[in-house]
Amino acid sequence: MSLVPQVVANFLQTPITLSKLELVVIDLPQVKPFYSAIGVRHSRKALIVKWHTAQGIVGYGECSCRPDPFYSHEFVDGAISVIGSYIFPLLKDMSTYGDVLKGLSKVRGWNFTKAAVEMAMNDAIRRSSGAGILDVWERERLQKVPVGISMGLFADEAAMKKSIEEATQEGYQRLKFKMSPGYAHPFVFRTIDECKHPNISFDANGSFGGNDFEKLSLFGHFGYIIEQPFAPGSYYLKEEYEFDNPKLKVCLDEEVETLGQLIEYKDQIEELNIKPGRVGGLFNTIEMIGYCQQNSITAWIGGMFETGIGRAQNLQIASFLVGAKAHDQSPSNRYFTKDVLQTPIEMQYGFIDDAYFMNPQIDEVAFQELTVKSVSLEH
Ligand code: OSB
Ligand code: MG
């Protein structure tokens with residue numbers, strides 16, 4: 001059973017050159033703070049990998065892990081260290097795309113970090129020859145990608161109502177509400193009960209444990225899909241919970257980093273949130289989408305507050321998922337006051353047109369202004 005088509009497998013023979021790798025940390029100011037069970041974000045500190053070819057072409061890849069190890073074990077400074085000490089030395093004398101994937105696979109875990117390197121390499125190929133690994137993937141593709149909004153924890157009912165009204169008016173195709181055991185306030189349930197949006201879900205970011213079943217049942221009684229209710233590695237709690245409570249409809253996020261994990265959970269989930277970084281890059285994402293399709297699992301593309309670079313990349317992948325109702329790929333201005341693309345990614349009534357994400361160009365002036373750290377690696 002092959003999960004990737006022959007054209008994608010053949011693409012691994014594409015020749016590559018590498019003269020220099022640049023690791024740049026940029027820090028994007030946010031419109032407002034974002035609260036989730038993980039914590040609060042005030043700005044988006046992102047690592048961008050710049051892959052320089054021998055011909056002087058530069059490809060960009062975003063490492064979308066958090067600055068701290070609170071979503072997964074990866075964090076920005078750790079990613080820089082792993083690339084500098086272990087990944088960059090492995091890239092010496094590599095001559096094809098497939099060689100690089102093989103080199104990256106020597107490093108266990110660190111999926112967001114490895115994905116950024118693969119994406120930067122693929123972007124350099126795409127900017128040199130016009131076609132990257134997604135461009136050779138012969139599949140039906142959407143010109144307009146449906147977008148869902150991920151809404152942070154609200155301080156009060158008025159703020160929650162106002163945001164729901166705005167998001168509905170803007171045409172978002174799904175409203176996803178962050179949740180946590182400490183957030184079981186009556187106003188939350190009242191407001192969601194009154195919400196008339198046709199596509200609603202929750203995201204707990206793994207915050208419910210074995211002592212929180214009562215709180216979880218308050219959210220669970222709505223019957224909406226709940227993303228990552230328990231911490232990664234604690235999926236067994238679902239069965240315990242369901243002993244006294246109705247069945248939970250689950251979408252996994254943090255828990256699934258490998259194809260093996262997806263295969264393990266395939267009969268126990270309604271949906272899979274695929275974050276291309278979390279699963280280790282473009283090739284792995286193509287494989288996982290292939291598996292989801294063969295096993296009738298609804299897959300959609302999730303977000304990590306990506307800058308325009310990672311966001312455009314995510315949207316390119318999302319455009320292949322023709323059956324998904326919504327992807328967590330809000331337009332840039334929902335999160336940031338300033339971004340790094342010449343044409344910021346915009347949404348028109350809940351959809352993003354491919355004119356915004358197929359050929360993103362970097363705004364070098366903005367990129368410079370937002371840079372807080374830069375490391376250059378040469379063999
Ligand atoms: O699905 O978990 C999600 C951020 C934006 C959109 C969707 C999600 C998130 C996260 C990622 O919660 C965690 C984080 O970066 O804080
Ligand atoms: Mg999530």
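1. A residue is called buried here when its relative accessible area is under 20%, taken with a 1.4 Å probe on protein chains only. By that cut-off, both Asp203 and Asp253 are buried. The model is a predicted one.

2. Both of these aspartates belong to a metal site. The magnesium ion (ligand 2) has Asp203 (OD), Glu227 (OE) and Asp253 (OD) as its protein donors, at 2.0 to 2.3 Å. Along the sequence, the spacing of the donor residues reads D-x23-E-x25-D. Asp203 sits in strand E7 (residues 200–203), while Asp253 sits in the loop between strand E9 (250–252) and helix H9 (259–265), so the pair ties together parts that are 50 residues apart in sequence.

3. Elsewhere, an open sheet is formed by 4 strands with antiparallel pairing, and their order is E3-E2-E1-E13. The edges are taken by strand E3 (58–63) and strand E13 (371–377); each has a single partner strand, so one side of each is left without a neighbour in the sheet. From one strand to the next, the twist averages 25°.

4. What joins strand E2 to E3? Strand E2 (residues 39–52) is linked to E3 by 6 bridges, and the two run antiparallel. Strands of a sheet pair through backbone hydrogen bonds, in either a parallel or an antiparallel manner. For Leu47, the bridge partner in E3 is Cys63.

5. Helix H4 (residues 111–129) lies across E2 and E3, and runs at about 155° to E3.

How values were computed: Residues numbered from 1 in each chain as written. Chains lettered and ligands numbered in written order. Predicted model: local features only at pLDDT ≥ 70, side-chain atom pairs only at ≥ 80, totals over all residues. Heavy atoms only, no water. Donors = N, O, S within 2.8 Å, 3.2 Å for Na, K, Ca; no water. Buried < 20%, exposed > 50% of the residue type's maximum accessible area, 1.4 Å probe, protein only. Pairing = 2+ DSSP bridges. Axes fitted to C-alpha atoms, helices over the stretch in contact; angles between N-to-C directions. Contact = heavy atoms within 4.5 Å.
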